[in-house]
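Please keep the structure in view while reading.

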Amino acid sequence: MGRYLVTGTDTDVGKTRITAALATALRVAGENPTIVKLVQTGLDPGMPGDAALAGKLARCRHVELARFRKPADPWSAALAEGMPTVHAEDLAHVIDGMHGAVVAEGAGGLAVPLNRAQHFGTVAALAKLRIVLVVGLRLGCMNHALLTLALCDQLQLRVAGAVLVDRWEHSDASYVADVRRALQGKIEILGILPFDKNEAASVEQGAQIFVPLL
């Protein structure tokens, strides 16, 4: 049974597309996955969020566990609304109670804080989620990817692999080669998702990346 946390080298690097792509691959493989947005920030109540988009693209169940209006990390967003902060134990408990495969999506990167002492990596450790690292191909991504892997080692998280994403434009082949070299031997690069404005087509193509993993 596949249970994953899709995290990124930064915000807006393509995590939702990769979440949908992995869920699609699981569905095609005969699983009945649930997409879980652990914390949605930056949206008013009632507005469709990342979970709804990924669920629509993957044609599977989706759920959002917490939401705050401020476009910020969950800790800051909760404080801005005068709301209780999110706790990793509560999120992990909900995931543990779900049946079948789970594809959880964080917000930003693995170390983004939920509260004073916990972050999304804490959730992954408690819920035993395998990490899929989305590497948005732009300057700085090597550093962010390597720091994320260092945190995975510290928390003893299982890492399924990385997906390189041409999120904003077609990346220069030499830069992609540089990123691959920097990550070689540290994480399995599952594939690269080319730049494509068509979300549905991009998700279908991305699903093929995960076939060998499943």
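## Strand S8 and its neighbours

Two strands pair if DSSP finds at least two bridges between them. The model described here is predicted. In this model, strand S8 (residues 159-165) and strand S9 (residues 189-193) pair over four bridges, in the parallel sense.

How much of S8 is covered? Six of its seven residues are buried, so the strand is mostly covered; a residue counts as buried when its relative accessible area is under 20%.

## Helices between the strands

Helix H6 (residues 141-155) forms a right-handed β-α-β unit together with S7 and S8. Helix H7 (residues 173-183) takes part in another unit, made with S8 and S9, and this unit is right-handed too. S8 therefore belongs to both units, by the definition of these strands as DSSP runs.

## The largest pocket

Empty space is found by rolling a probe the size of a water molecule over the atoms. The largest pocket holds about 450 Å³ of space. Its lining is made of 22 residues, and those nearest the centre are Thr11, Asp12, Lys15, Thr16 and Asp50.

Which elements supply at least two residues each of this lining? They are helix H1 (15-28), strand S3 (40-41) and helix H2 (50-58). H1 gives the largest share, which is three residues. Sorted by class, the lining has nine charged, seven nonpolar and six polar residues.

## The second largest pocket

The second largest pocket has a volume of about 250 Å³. It is lined by 13 residues, and Thr9, Gly109, Leu110, Ala111 and Val112 are the closest to its centre.

Which helix provides the largest share of this lining? Helix H6 does, with four residues; H6 is also the helix of the β-α-β unit with S7 and S8. By class, the lining of the second largest pocket consists of seven polar, five nonpolar and one charged residues.

Technical notes:
Residues are numbered from 1 along each chain as its sequence is written. This is a predicted model: local features need pLDDT of at least 70, side-chain atom pairs count only at pLDDT 80 or more; totals for chains, interfaces and linings use all residues. Side-chain values use heavy atoms; hydrogens and water are left out. On a 1 Å grid over the protein atoms alone, a cavity is a set of points where a 1.4 Å probe fits but cannot get out, and a pocket is an open set with protein on both sides within 12 Å along at least five of seven lines; lining residues have an atom within 4 Å of a point. Grid points are joined across faces, edges and corners, and a volume is the space filled by probe spheres set on the points. Ala, Val, Leu, Ile, Met, Phe, Trp, Tyr, Cys and Pro count as nonpolar, Asp, Glu, Lys and Arg as charged, and the others, Gly among them, as polar. Buried means under 20% relative accessible area, exposed over 50%, partly exposed in between (1.4 Å probe, protein chains only). A crossover is right-handed if, with the strands pointing away from the viewer, the path from the first strand over the helix to the second runs clockwise.
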